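Here is a walk through one protein model. Keep the sequence and the 3D view side by side as you read.

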Amino acid sequence: MFSCERWRQDFDSGELLVRLSHSRDDWQQATARRHPNGKIHVTTEADLGSAPGNARLREDETRSLRSLLTRIEDRGQRSSPVNTTTAGWIVGQESPRVRYLSHPEKYIAEYADLALNDQQRLGVEQALGSDITFIWGPPGTGKTQVISHIVEGAYRIGERVLFLAPTKVAVDQALERICELLEGEQNFDRGLVQRAGDIEVVSLRERFGSVIDAQMISGRLGEELDERTRELEESLELAREQQTAYERLARIDSETAAARAAEGTATAAASAAQADVSRLDGDLAQVNEAIRVLGTPSGIFARRKATQLSVLTEQQQRLQHGLRDARMRRDTATAKHEQAAARFRTARQELGTALESVRGYPSRPAIDERIRTAEAELEHIHKERARIVESIRARCRIMGTTLAKALQSKPLMDQVDTVIIDEAGMVDLPSAWCAAGLAGKRVVVAGDFRQLPAITKGKGSHKLNADEKRHAAQWMDLDAFHAAGVVDAKGRVTGDPRLVSLGVQYRMRPGICEIVNEVAYPDAPLVTGRSDGSRLPRSPLLESSVVLVDTSARRLLGHGRETHLWNSVHEAVVHELVRGLQYDSVLPARKSREPSSPADLVAVIAPYRKQVTNLRESLKYRFGDEYEGLTDTVHRFQGSQRPLVIVDTVAGAGKQPGHFYAGVGLSSDTTRLLNVALSRAQDHLVVVADVAYLRERLRPDSEAVRMLSALERSAQLLSVDDLIPIRSAGDLSGLSEEELGRPAFFPADEVTKAVEWDIARAEKRIEIYTPFLNVGPVNRWLKTLSPRLGQGVQVIVHTRPPSDSAHKDGERQDRLIRRLREAGCEISLRPRMHEKVAILDDTVLWHGSLNLFASTGPTDLMMRLTDPGACTRVRRIADAAQQDRPLRPRDPWQPPADAEEAPYGPVPEAGKVVNGRLYLNVPIEQKDIAKREVKARWNPQAKLWWVDPATPREKLTRWL
C-alpha cells in the first residue's frame with residue numbers, strides 16, 4: 001500500500017515526492033520523474049543506497065505508485081480515464097447538484113417496508129439523485145446497508161456501478177449484501193455483479209463466488225466447450241502417441257538397415273583377413289621345407305649352400321612376421337564381425353517389436369491429418385471462450401474491487417456511471433481523486449472521518465522540509481470529507497447539504513455507545529437503536545456493558561526506547577480475564593468441544609505491534625492454538641465487531657505513552673484509532689489502563705483522558721488486584737500446577753524467599769539481572785546458589801562493570817564480581833544496564849524493581865510469570881537495550897541510577913561550582929534570557945541551569 005506525501009495538481013515540475021510504506025513505522029522514499037519521452041521513472045531510496053537496511057521496495061508497490069502518478073499526469077488528456085469534472089468534486093471544485101430521487105419505491109424492492117430509519121432513507125434518496133453525496137457512517141449505523149440499496153437503485157435506474165474500498169474485506173462485505181438484494185435479477189448468475197481480484201471473505205466466496213468471479217462464470221457457461229475440449233485433448237494425446245510410435249519405427253528401421261550393411265562389411269573384412277593368413281601360412285611352410293631339404297652347409301658346395309640358407313632364413317623371418325600381423329588382423333576383423341552381427345540381431349528384434357506396436361494403427365498420413373484437424377478445432381474453441389469472457393465483461397453492471405486494483409488495472413468496465421468509494425476516510429486524497437474521476441455521472445463517498453485515516457507519514461515526518469510539509473497538510477493529510485469542505489479543519493461537520501449523517505447505531509449497547517460518543521462524537525452523539533441486553537453468559541467480570549481495569553497500583557517501570565510498546569502487567573491482566581471468562585463459561589476452555597471459536601466471541605485490541613505479538617504468543621502458550629487469533633492491532637480490526645472487546649491501552653512505562661496518544665482533537669489520529677478500538681464492541685467493552693500514568697502524561701483535554709473520565713463515571717471498576725493475586729512465598733508449595741502457572745505479585749519482603757523456592761527447583765540455568773552489587777545481599781544469595789552450582793546448574797549474573805560506578809563503589813563492584821566468579825557464577829558485564837530480572841530454566845520470570853543482589857529497599861511488588869515466551873522476550877529486550885545505548889561521556893554530576901547508590905560527588909546548588917560548572921537558579925520565564933545572554937545550559941538531574949565559572953558575575957547576580 002502506498003501513499004503520496006506530496007502531490008502537485010499541476011505536475012509541471014515533472015517531479016513528485018512520495019513515500020511508500022510496508023507498515024506505519026516502516027517508510028521508504030521514492031522520487032518519480034517524468035522523462036522527455038513521457039514515461040515516469042521511479043527511483044527509490046533503496047536504489048540510491050540510502051534506504052534503511054538498503055532494502056528494495058516490493059514490485060507491486062512501485063507498480064501502484066507508477067499507475068497513480070500516470071493518471072494524475074494524464075488528467076485532461078483524451079486518452080486519460082480520469083473525468084476531471086467528477087474528480088474535481090472530491091476537492092470541492094465545480095458546483096455539483098444536490099437532488100433527491102423521486103419515487104424510490106420504483107427502483108428499490110419493497111422500499112416502504114424496509115427497516116431503514118429516516119437518515120438512512122435520506123442517504124439512499126440523495127445519493128441516487130445528486131452528483132456527489134457524502135455519507136457519514138459512524139460504527140454500527142448501517143452504512144453498508146445504505147450503500148447496498150444505493151447500488152440496487154442505481155442498477156434499476158440503468159446505471160453501471162463501480163464499487164471501491166481500500167481493503168478486500170470491505171469490498172467483500174458490501175458485495176455480499178448487494179448480492180443478497182440482486183440474486184433474483186435476470187443474468188445474476190451470468191455476471192450481473194462481479195468481483196475483480198481475490199475474494200477474502202469466506203461467506204461471499206461460498207455463497208456467490210461462482211456467479212461473481214469471471215473465471216468461474218466462464219467455466220460454468222462454457223461447460224459444452226469444456227467437454228469438447230476434453231475430447232479433443234484426449235484424441236490429440238492418443239494421436240501423438242501413435243505418431244511417436246511411427247517415428248520410433250522409422251528410426252529403428254533405419255538403424256536395422258545400417259546394422260545389416262555394417263554386418264556385411266565386417267564379414268568381407270574377416271574373410272579377406274583369413275585368406276591372407278592361409279596364403280602366408282602356405283608360403284612359410286614351403287620355405288621351411290626348403291630349409292629342411294638344404295640341411296647344414298658342408299662339402300665342396302658348402303659356401304653356395306650357406307648363401308642359399310641365408311636367403312631362405314631371411315625369407316622365413318619375413319613370412320613369420322607377416323603371418324603374425326595377418327593373424328592379428330584376422331582376429332580383429334572376426335571380433336568386429338561378431339559385434340556387427342550382434343547389433344544386427346538386436347536391431348531385427350527391435351524392428352519386430354516396433355512393427356508390432358503400430359499394428360492396427362491408422363496410416364502415418366492419416367494420423368498427421370487428425371492432429372492438424374484437432375489443433376485447429378481447439379484454437380477455434382479458445383476463440384469461442386474468449387468471446388464468452390467478453391460477453392461476461394459486457395454483461396457486468398456492478399463491479400466491486402479495491403481502489404488499488406481499480407487504479408492499477410486497465411478499465412474494469414466498458415462504462416462507469418456511478419463510483420462508490422467506501423471507507424473513504426482511509427483513502428489518501430490522490431487515490432480518491434483518481435477514483436472519483438472514473439465516474440461518468442455521479443459519485444458517492446461513504447465512510448467515517450473519525451475512524452482510521454489513510455496510512456501516511458504526512459506533515460509529522462521529520463524528513464520533510466517546510467514546503468513538503470505544507471503540501472502534505474494540503475493533500476496527503478486530508479481525506480475526501482475534509483478536502484471537499486463538508487468537514488472543517490477541526491473535524492466538525494459544516495452543515496454542507498452534500499453530507500448525510502447516519503446517527504443511529506445498532507451495534508453497541510448504550511453504555512458502550514456513551515464512551516464512544518465521549519471520545520469521537522461529542523458534537524454529534526450517536527443514538528442507540530438496539531436493546532441493552534447481552535448475548536454472553538453472566539460473569540462477575542462482566543456485570544456491566546463497560547468495564548475499566550485500572551493497573552495503576554501495579555506498574556512495572558521499564559527502561560529503553562521501546563518500553564512504551566509493551567506492558568507485561570497488562571498482558572497478565574488479559575490472561576486472567578480470559579481465564580476468568582473460561583471459568584464462567586463465557587469462553588470455551590482449551591480443547592473444548594463447543595462449536596464456537598473464542599475469536600468469534602472476543603477481540604483483544606492493542607495499539608502497538610510488539611504488545612500484540614507478546615499477547616499472541618503467550619495466549620497460545622497458556623490457552624491453546626485457538627486463542628492465538630484473539631489479538632491484533634486497531635487497523636486489523638477495522639470493519640469487524642465482537643460481542644466482547646478488550647482494549648489494552650499498553651501505556652504504563654517510559655517517558656511518553658507513544659505516538660498512539662500523541663494527537664488531540666476530533667481529526668487527530670489518536671481520536672480515530674480510539675474510536676475504532678472502542679466501537680468494535682457489541683455487548684461488553686473492557687478497557688485495561690494505567691489510569692494514573694495516562695493522566696500524568698496526557699493533556700487534560702485529550703480524548704484519551706476524556707475516555708478515562710467517562711469510564712470512571714459509568715464503568716464497572718476493577719483493580720489489577722481483583723485479577724492478579726498477591727501471594728506470599730509460603731503459598732507456592734501448596735499451589736496446584738494450574739495455579740502456579742498464573743501470574744502473581746509478591747511483596748518485597750516475600751520476594752527473596754519466593755525466588756529461593758524457584759531456585760531450589762531450577763534444573764538447568766538461573767539468570768539474575770542485577771545492575772549493582774552489595775556485600776550483604778551477595779553473600780546471602782550465594783548461600784542459596786552454591787548448592788545448585790555444585791549440582792551442575794548454570795548460574796549467570798548480569799551486572800554493570802566497575803567502570804560504571806564512582807571510585808569507591810567501583811572497587812566494591814569489582815570485589816563482588818570476583819567473589820561471584822570464584823563461587824562458580826558466570827558474569828556478564830553490561831554497561832549502563834537497568835533491568836532487574838530473574839529467569840529460571842527459561843520458564844519462570846521474575847520482573848520488577850528489586851535489585852536482588854544490591855538491596856531489598858524498594859517496597860514495590862515483583863511479578864512472577866511462568867511463560868517461556870515472556871522469558872525470551874525479556875532477554876531479547878535486555879540484549880537489544882545494551883546494543884542500542886551508545887557509550888556517552890558521564891555527566892560531571894549525575895545522581896545515582898538507583899536509590900541504593902550513594903551520591904556521586906557534591907550535590908549542585910545555586911551559586912556553587914561543582915565539577916567545573918557554576919550552577920544558577922533561573923526562573924522558567926527567564927530561561928531564554930539566560931540561554932541567550934550567558935549561554936546557560938540545563939542539567940536535568942540537578943534541575944538547575946549552569947554556566948562556565950569564568951562568566952562575569954555581574955551578568956549572573958540575579959540568578960545566584
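The paragraphs below cover salt bridges, then cysteines.

This is a predicted model, in which local features need pLDDT of at least 70, side-chain atom pairs count only at pLDDT 80 or more, and totals for chains, interfaces and linings use all residues. Residues are numbered from 1 along each chain as its sequence is written, and side-chain values use heavy atoms, with hydrogens and water left out.

Start with charge pairs. Side chains of opposite charge can pair when their charged atoms come close. A salt bridge here is a side-chain nitrogen of Lys or Arg within 4 Å of a carboxyl oxygen of Asp or Glu. The whole structure holds 59 salt bridges.

One of them links Arg-372 to Glu-369, with the closest N and O atoms 2.8 Å apart. Both residues sit in helix α11 (residues 364–395), three residues apart, about one turn of the helix. Helices are DSSP runs of H or I with at least four residues, strands are runs of E with at least two, and both are numbered from the N terminus.

Arg-492 pairs with Asp-523, the closest N and O atoms being 4.0 Å apart. Arg-492 lies in the loop between α15 (480–484) and β11 (499–501), and Asp-523 in the loop between α16 (510–520) and β13 (527–528), so the pair ties together parts that are 31 residues apart in sequence.

Now the cysteines. A search of the whole structure finds zero disulfides, a disulfide being a pair of cysteine sulfur atoms within 2.5 Å. Cys-179 is buried, at 0% relative accessibility. Cys-434 is also buried, at 0%. Buried means under 20% relative accessible area, exposed over 50%, and partly exposed in between (1.4 Å probe, protein chains only).
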